[in-house]
Amino acid sequence: MAHISAAFLALCALAPSMVLAQNAQVKVVLSDTFRTPAPPNDAFAMNTDHVIVSTAVMASIALFFMVVAYFDGKKFNDTIPLAIIVGSAFCVVPEAVDNYLGGCYWSQSHDPNMLLFFLMGREYDAYVGVMWWAFGAILGYVLYAMLLREVSNKTLWIGLALSGLGDIIVEEVLLNYGGVYMYFGHQPLVLITMFPFWWLFSNVSSLFLSISIAYRYRAWLNGWRSIAMFALMPFCYIGGFTLSAMPTIFVIQGNFSPLVTQLGGLATVAVSLIQTFAMFNIILDRNPFALSESPKSVKLALNGNTNGYANGHTNGKANGYTNGNAKKGSKF
């Protein structure tokens, strides 16, 4: 938190206009009925050409990673990488909900043939599903692939940071491309042009929750049980997002001072990091502050020589207390 506070104070001194900017793209207009920021609706017109190009690019990237995940799964005899790619497609459902909460608006064609689903008065065209499927698939697979290779905490933190950087790059490009989607309301931490930085912390942390659980229980989930990822990913994402984004949701949907608005964004950053620390410690059994720590391969006996948590990550303390720590008389 000290580093975050110092960075914020430095930003205040160097670029006060950037820090005090409350709006991501447009002047905020409060609804006469609900006194909350109104979505742009038809004031933000869809650029069909931009939608087609963006969707084609993102779908191509996702399909490429699907092929990579398939061969990676063959290499490790693990069906979860491919299940993560497919399961990411189901994250479009909670994504539509958090778009309401977090002030993200996707352009609408109003063409019934292009409609994916209708939620709380807003139309979501099919391209929305493809766009978010690509993001979830890429990020989810990369994080799981790193865990599968038993990288050190330092490398895993670097991977999480690079995922956030990738989010910034992709979203700044798409937002400035125009006609696809936008952020509205009192968005904090808009530090470059249009992308509110609090989103990257909440996005990455929320996706990491399902990936951590999948890795922790990969022996059980391997095989036909991998279909559980289709539910695990969207449920974990909306849970992690709602927890971490709660402070920002209040300021986006309200009409607070610039300072309070930015503090809401910083609170979301802090909560996102805290819940990520918890995932390291509780789910992965790692000390998030021990950067050089790497998980040790622990063989928990199943049929005499295999592992209930194959290539485990419990730093020498598997649930069966193997590696010389088994109780006397144990069949292990």
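These are my notebook entries on what I looked up in this predicted model.

**Ground rules.** I number residues from 1 along each chain as its sequence is written, and my side-chain values use heavy atoms, with hydrogens and water left out. The model is predicted, and local features need pLDDT of at least 70, side-chain atom pairs count only at pLDDT 80 or more, and totals for chains, interfaces and linings use all residues.

**Entry 1, the record.** I looked up the UniProt entry, which is unreviewed. UniProt positions are in the numbering used here, feature names are shortened, and annotations may be inferred rather than shown by experiment.

I then checked two of those stretches in the model. Helices (H or I, at least four residues) and strands (E, at least two) are DSSP runs, numbered from the N terminus. Residues 197–215 come out as 95% helix and 0% strand, with the end C-alpha atoms 28 Å apart. For residues 227–252 I found 92% helix and 0% strand, and 36 Å between the end C-alpha atoms.

How do β2 and β3 pair? Strand β2 (residues 115–119) runs antiparallel to β3, over four bridges. Two strands pair if DSSP finds at least two bridges between them. The two form a hairpin with two residues between them. Met120 sits in the turn and has a positive phi of about 50°. Across the pair, Phe117 is opposite Tyr124 of β3.

I also looked at both faces of β3 (residues 122–125). Arg122 and Tyr124 are buried on one side, and Glu123 and Asp125 are buried on the other. Buried means under 20% relative accessible area, exposed over 50%, and partly exposed in between (1.4 Å probe, protein chains only).

I searched on a 1 Å grid over the protein atoms alone. A cavity is a set of points where a 1.4 Å probe fits but cannot get out; a pocket is an open set with protein on both sides within 12 Å along at least five of seven lines; lining residues have an atom within 4 Å of a point. Grid points are joined across faces, edges and corners, and a volume is the space filled by probe spheres set on the points.

I count two cavities of 30 Å³ or more. α7 has the largest share, four residues.

How much space lies in the largest pocket? I read about 430 Å³. It is lined by 20 residues, with Trp157, Leu160, Ala161, Phe201 and Leu273 nearest its centre. α7, α8 and α11 (258–283) each supply at least two lining residues. Here α7 gives the most, six residues.

I searched the whole structure for disulfides (cysteine sulfur atoms within 2.5 Å) and found zero. Cys91 is in none, and the nearest cysteine sulfur, that of Cys236, is 9.1 Å away. Cys91 counts as buried because its relative accessibility is 0%. Cys104 is also buried, at 2%.

Where is Ala290? I found Ala290 in the segment after α11. Its relative accessibility is 22%, so Ala290 counts as partly exposed. Its C-alpha atom is 6.8 Å from that of Asn153, 137 residues apart along the chain.
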